[in-house]
Structures are given as C-alpha cells and as structure tokens.
Amino acid sequence: MFAVGEQTLLFTDVVGSTAFYAARGDPAAFVEIKRHFDEVFAIVGAHRGAVVKTIGDAVMATFVDPLDAVRASRKIHDAFHPARADTPIRLRISLNTGPCIAVRLNANADFFGGTVNVAAKLQALAEGYQIAISDATYAAPGVAAYLAEQAAELEQLAYTSKALPAPVGVRRWSVYRGS
C-alpha cells in the first residue's frame with residue numbers, strides 16, 4: 001500500500017559521532033545516542049511530526065506542515081544548546097518539502113522519492129547548530145515570517161549534484177553562532 005503526497009522531511013545528524021563512539025566506546029556512546037533519540041522524538045511529536053526511522057545516529061521525521069518542521073528544528077537545537085553540559089551531543093539538521101511516496105512496509109511507514117533524497121543530502125551544507133532549509137521549505141506559508149521573528153540570519157547556498165537537473169536553493173540558519 002502506498003500514497004503520494006507533500007511532506008516536509010527533517011533529518012538530524014550527530015556532529016562528530018565517529019570520534020564520539022571512538023572516545024566513549026560503543027556501549028557508553030549508544031546510551032547517550034539513545035537518550036538524544038528520546039529527546040528528539042518528543043520534540044518531533046510535540047510539533048505534530050512523526051519519526052519515520054533512525055539511521056545510525058540520525059533521525060528521519062516527517063511533517064505535514066513545513067512550519068512545524070522548522071519550529072521543531074529550532075527546538076531540537078535549543079535542547080542541545082552549546083551551554084548544555086550533561087551531553088556532548090550536537091546536531092546538524094536538514095529540511096526539504098515536496099512530493100514523496102509513503103509506503104507501509106510490514107507495520108511501519110516509510111517515505112521515498114527525490115524530496116527525501118534531497119532532504120538527506122542537504123545535511124552536507126550544515127554543521128553543528130545549523131539547519132539547511134531548502135527553498136521549497138522556506139517558501140511554505142509562515143516559514144519566512146517565523147524566521148524573521150527569530151531574527152534568523154540566513155546564508156543563501158546551493159546544493160548541486162550530477163544526479164539533479166538543477167541546483168537546489170538552500171537557506172542555512174546558524175541557530176547558535178560560533179559554537
């Protein structure tokens with residue numbers, strides 16, 4: 001069973017996770033990663049999103065409303081703010097909005113298509129405390145106004161790939177600068 005519809009996909013990624021696992025050892029690192037999953041899942045749910053799956057230390061979530069995804073992204077960075085001392089976890093986030101295929105495999109939903117692929121690839125344009133927001137997400141109702149309310153300083157970038165017919169416009173928001 002599958003359906004086609006517009007979604008906003010959010011991907012998180014732990015910055016420096018390879019070094020983190022090497023320094024802490026797999027069991028201790030996983031305990032910290034699991035704790036971070038619990039916090040991210042709660043924030044996604046509080047913003048009317050749904051976690052689709054985890055991929056290693058990353059989270060893939062989906063939202064019907066792009067503004068909810070942007071707000072959730074901000075809250076995720078707020079949860080793992082630079083002054084937080086009880087965890088070394090710091091994240092990068094990417095967002096993209098567009099059509100995708102929703103498929104029910106076994107008991108779980110999953111999402112496929114170009115929108116999903118681009119959302120994942122946009123992480124290459126973000127570092128710790130940054131959100132790479134595709135122009136498609138930025139253009140959604142309420143998103144630009146919310147970012148203006150947040151006094152977000154946005155850098156305009158482009159994601160290019162030989163696999164894509166044209167560059168993807170991106171606004172990169174450094175939620176916490178200099179961290």
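Reader: Is H36 buried or exposed?

Author: This is a predicted model, and in it H36 is found in helix α2. The relative accessible area of H36 is 1%. Buried means under 20%, so H36 counts as buried.

Reader: Which residues does H36 touch, not counting residues up to four places away in sequence?

Author: H36 sits in helix α2, and its neighbours up to four places away in sequence are left out of the count. What remains is V14, D57, F80, I89 and L91.

Reader: D13 is found in strand β1. Is D13 buried or exposed?

Author: D13 has a relative accessible area of 17%. The cut-off for buried is under 20%, so the residue falls on that side of it. Beyond four places in sequence, D13 touches D57, A58, R90, L91, R92 and Q123. By its accessible area, D13 is buried.

Reader: At what angle do α1 and α2 pack, and how is that described?

Author: Helix α1 covers residues 17–24, and its axis lies 6 Å from that of α2. The angle between them is about 130°. Angles over 145 degrees count as roughly antiparallel and 65 to 115 as roughly perpendicular.

Reader: Which residues make the contact of α1 with α2, and how many of them are nonpolar?

Author: From α1 come F20, Y21 and R24. From α2 come D26, A28, A29, F30, E32 and I33. The residues of this contact include no polar ones and 3 charged ones, and the nonpolar ones number 6.

Reader: How are α2 and α3 oriented to each other?

Author: The axes of α2 and α3 come within 9 Å and cross at roughly 150°. Angles over 145 degrees count as roughly antiparallel. That makes α2, relative to α3, roughly antiparallel.

Reader: Which residues of α3 meet α2?

Author: The crossing of α2 past α3 is right-handed. On the α2 side the residues are E39, V40 and I43. The contact divides into 5 nonpolar, no polar and 2 charged residues. On the α3 side they are A72, K75, I76 and A79.

Reader: Which residues have the most contacts inside the largest nonpolar core?

Author: This core has 33 residues. The residues with the most contacts inside the core are I76, L95, L147 and W173.

Reader: What is L147 in contact with, leaving aside its neighbours within four places in sequence?

Author: L147 is one of the residues with the most contacts inside the largest nonpolar core. With its sequence neighbours left aside, its contacts are V70, I133, Y138, A152, L154 and W173.

Reader: What distance separates the C-alpha atoms of S94 and S134?

Author: S94 is found in strand β4 and is buried, with a relative accessible area of 0%. Its contacts beyond four places in sequence include L9, L10, F11 and A132. S134 is 40 residues from S94 along the chain, and the C-alpha separation is 8.0 Å.

Reader: What distance separates the C-alpha atoms of A140 and L67?

Author: A140 is found in the loop between α5 (135–138) and α6. A140 is buried, with a relative accessible area of 10%. A140 and L67 are 73 residues apart along the chain, and their C-alpha atoms are separated by 7.4 Å.

Terms used: Residues numbered from 1 in each chain as written. Predicted model: local features only at pLDDT ≥ 70, side-chain atom pairs only at ≥ 80, totals over all residues. Heavy atoms only, no water. Core = buried A, V, L, I, M, F, W, Y, C linked by side-chain atoms within 4.5 Å. Buried < 20%, exposed > 50% of the residue type's maximum accessible area, 1.4 Å probe, protein only. Contact = heavy atoms within 4.5 Å. Axes fitted to C-alpha atoms, helices over the stretch in contact; angles between N-to-C directions. Helix = DSSP H or I, 4+ residues; strand = E, 2+ residues; numbered from the N terminus. Nonpolar A, V, L, I, M, F, W, Y, C, P; charged D, E, K, R; others polar. Parallel < 35°, antiparallel > 145°, perpendicular 65-115°, else oblique. Left-handed = near helix turned anticlockwise from the far one by under 90°.
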